[in-house]
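Welcome, and please open the model in your viewer. We will take the tour one selection at a time.

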Amino acid sequence: MSKDKKSRRTEYWRSLDHLHDSPSFQAFQERMHYHRHTLTSNAMSRRNFMTLMGASMALAGLAGCRRPVDKIVPYVSQPEEITPGVAAHYATSMPRGNSALGLIVNCREGRPTKIEGNPDHPASLGATDMFAQAEILNLYDPDRSRHVLNEGAKSKYEDFVSFWREQLERYQDGRGAGLAVLAEESSSPTLARYRREFTRALPDARWVTYEPISDENILAATEQVTDNRLELRYDYGKADIVVALDNDFLMHESGSVLAARQFAERRRVSGTDDDMNRLYVVESGLTVTGSNADHRMRLPSSEIGPFAVALAQELRKQGLELNGLPTIDAQRFDQTWLRELAKDILANREKSIIAAGRRQPAWVHGLLLIINEAMGNWRKTVTFSGLIGRTISDTSALRDLTAAMNQGQIDTLVILGGNPVYNAPADLKFADAVKKVTTRIHFGAYVDESADGATWHIPRAHFLESWGDAISADITHSVVQPMIEPLFGAHADCEMLALLATGRDQRGYDIVRETWEALFKNDFEAKWRRVLHDGLQAGSADKVILKMTRGNLREVMKNVDLTPQKLSASGLEVNFVQSNVADGRYANNGWLQELPDPITKLAWDNAAILSPKTANDLNIVSGDLIQIQFDGRSLEIAAWITPGFADNTITLPLGYGRRLNGRVADGVGFDTYALRSTGTMHFGIGATVTKTGRTYVTANTQDHNTMAGRPIVREATLEQYRKHPRFAEEAVEHPPLENMYPPHDYSQGYQWGMVIDLNACIGCGACTVACQSENNIPIVGKEQVEKGREMHWLRIDRYFGGDENDPAVYHQPVPCQHCENAPCETVCPVAATVHDREGLNNMTYNRCIGTRYCSNNCPYKVRRFNFFNYTSDMPELSRMAQNPDVTVRSRGVMEKCTFCLQRINAGKARARLEGRTVADHEIQTACQQVCPTKAIEFGNINEAESRVSRLKQRDRNYNLLAEFNVRPRNSYLAGLRNPNPALQAKPRHTKKKVHTG
Amino acid sequence: MGQIFPKWTNKLPTYIAVATVVAVTAVVGFFWYYGSPRYTDVGYQPTQPVPFSHKLHAGDLGMDCRYCHNSVELSAHANVPPTQTCMNCHKLILPESDKLLPVRESWGKKQPIQWVRVHRLPDFAYFNHSAHLNAGVGCFDCHGNIRQMEIVSQAQPLSMGWCLECHRNPDPHLRPREELTNMEWVPPPDHARFAERIRREKNINPPEDCSGCHR
């Protein structure tokens, strides 16, 4: 290998194997680029093959003679609003913990098939995330519970109703003593109404709210500082400086969809005069937010609090008024970093955000609230919203409840949603405690861990089947309306709670309507119709403006231990974080299981994530099975090494290792809740690790589809960009690009093109799931992913750059580039992939014979081959989620991104019907529509004033592998980072030019 | 030494060659003709669950196609009418007819009538009725003279080659909007001029790309 090639390869790398060019990396590349796949692991014998082929030949001859009889089944009486073949769109909201996401759902003949964000909803502005996208698959999950169960045997809802009425009468005599309800967080005004009714009727009954991941700590802090339990809200669109301490606000904090949109608005650099915000991140594990940081510091989670104190001390030293701050020996933190960070913050009073994540204890939030107040950020970038009936998890109440259960004080426990047996802190031994309860009633979508052994199990309806309501983080009152009748006769949350509180079996619609009737004083019918149409009550957004009442640092910081914790290889810090399946509630969702983690790129698993140095100290390599001893409990889990994680920490994603969820979830990954206790909900110190000597096979996509060390992702600092605005385009020098063939004429009509702004993209992966939902992309499973056969049409490449332990991270979404001179087309022996006159590279499935030459010749590695008929064994119910406008592909066929051809054709047909041309921005691809940061723009490049044309005119625009003269229709806007000039920035930008040709 | 083969064998290679050519031509010709949709599909006339007569309704009574197939100008699908559409009239007209028994049964039991599909395109072809009507292609061009059909049968092969014939030269198939459902319409002598004008006005430029119909 030449020296030049070597150095180029190490500039940006996908994995440590890639960086060190290890034999396993080389072997995978060899296999991937030359497609030396074996079809199956258990090869079929020649004799079996002959038998099967002979039989199928004989049968094929017979079956071919007869024309299949197709049936047309029309309606008996057709609903007025349905036109067969035309999608109907309805507004609804997705309740999410104590807030909500506004949605528009695409329904085909009464069957929801695609979820989009509601652009009119102020709490999401039309964006959604991967969880909202994946809800369609959850709705049609064949593993959802289908029957009311009594002692495990099928029963009827009516039987439960009469059972409960008896119970209710009995409990009302005793004021509810001995009855407990364990609920999830909720924001619904209707649920709040019935909760009040429940408490009024049964004052001595317990009502406990528990979520494994919640804003509990943040609310405790607002209460301490302002005397009110309030939800904290940040306006990232107004902040020039964002300091995120263990705060993954772009991905896993509450309100992340809106936060990502606001944050990205400040990074949309349109020219060299433009400014952008600056993000400082201090965190232990590498998160999506951390990967987008301009400056990032690795610190164990237990040191984040002390770091905040040191920062406060530095701010005070530089002139910020902060009273009652305890002193701390700040020497253990980088002094220049602290000094320059404080200087930068102070230069941006009223325009900065210093925020910690929900994993940090209350005192850290209290301290930062006081700093933000002193900085003048309150009312500007930091606001509050009232709870108004929204409930918040209370772990100590759960502890009390468990104790009461153990003492036999509870004879009836109602589990209202949630899965506490799986996700309650391990030290509570909740699973044992529930066995001491005489009657356990479980209300949930699955017969899961918490339903196992319950007296009653009542199926819970999906939110797309339910009436309900919700309040989003900005207090916008939103309505939840059903798109479809409950598939399995399940009941909505409000119906169940109304029954619990009153003993009346009411319809969800009536219940919700009643709540809203109280909300509107007059002219109800008209206003209610408006709400149902919009999905929300316009203008109901609200915020609380208040002054600090009694919060002082002395009070906030009392009993806080700031002595440095000694971390070492024999006393590691463990961190519990959210994963692609959230806290485990999406574990049975194949789309989310198959979506590689944005950072580790692990699919179908979680693993104990370690930094390279820690792994080296412990003599562990990726894939080793290790035994973690922590707090008297132990867990066997696979290890995975990823750069950028703090040394001497182990990061354990939650939500895997499900026992009773469904065919997708069960047995996938490791149950990390086993190590989590009430004292260490988010992190804890003192773990030790031993190797078991065994290894574990993971499906990791980080080395899949590499582009052989060419300069793919291009970025610079803001300063470099201002000096060399066209740095991205100029990164590669090549001879003049000439073609052997006469060029096609693309000057007429629509010419579709796309631009992806790498400066806006945060790498969250919502686009990949949206694409999967829109385009009927199959789920292939762990074994196939491990072989490099994932089918995602749009993948997100994650590159590391720089230091092996503390790298910079770049994300790059790569769909089909729709080359005008497409290399795939010239090698197809059957012309199955050809160009159309609108510049799209078409893939014609019924012509494809599966030579895979096209994939071999594709420099971007975006073509996907159906090694099996992945859809054939898909349950009938899951097929309901499929888009009827997109062909379902069979075995032996190549496929790839089409730029959402079905949407283009529908848009053109609509425009033609109305006698006009397609307007700019009228046709949106699925990835574009979902993107929380609006990083993707699509449109007609033949129209000079279209958004996509204007973006392509920007100086940061570059074509991927332009030197091949393939003329891609998709281009990228190079990424920018905005490091503090006073802090020594690591060299990031490719100085050396790459010569080709 | 005597000759092994008799003299007539000299002509054998010629016979074999001719026979091969004839056989190959016959086989190819057989499949060419009998295997094409023009033979296999045209004339397909399945028995429907209801002996509905298009000739009576659309022909003799002169009902417009769009009374029943009302989404044809709005949607990709020209819908088959719901039972309700039948019952609109047949509550009063022939309410006791035996032939209408399946319709009344469907209405009473709220069970849809299962019609047999006559015009069948493969799943990977996405035909759009509204786009074609909007451009000025009438029902007749694909479905034949439905008004004369007692039982509907397939009039055209609906093969890809047949689609492309029209996409390459749409002019003869374009007609004024008000004549779309007229089965007896005859193009006036100056049709070429009309077609040219309407193509320009509506920017009719039918796609010949794969993406036009396949996605």
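Start by selecting chain B and showing its surface: it exposes about 13,500 Å², and carbon and sulfur atoms supply 61% of that area (Shrake-Rupley method, 1.4 Å probe). You are looking at a predicted model, in which local features need pLDDT of at least 70, side-chain atom pairs count only at pLDDT 80 or more, and totals for chains, interfaces and linings use all residues. Residues are numbered from 1 along each chain as its sequence is written, chains are lettered from A and ligands numbered from 1 in the order written, and side-chain values use heavy atoms, without hydrogens or water.

In sequence order they read α-α-α-α-α-α-β-α-α-α-α. The radius of gyration of chain B is 25 Å, well over the 17 Å that the globule rule gives for 215 residues, so the chain is more spread out than a compact globule (C-alpha atoms; the rule is 2.2 Å times the number of residues to the power 0.38). Its C-alpha trace spans about 100 × 50 × 35 Å along the principal axes.

Next, move to chain A and select β1, β32 and β33: these three strands form an open antiparallel sheet in the order β1-β32-β33 (strands pair if DSSP finds at least two bridges between them). β1 (12-13) and β33 (808-814) of chain A are at the edges with a single partner strand each, so one side of each has no neighbour in the sheet. Finish by zooming in on A:Tyr12, whose bridge partner in β32(A) is A:Gly801.

Methods: Helix = DSSP H or I, 4+ residues; strand = E, 2+ residues; numbered from the N terminus.
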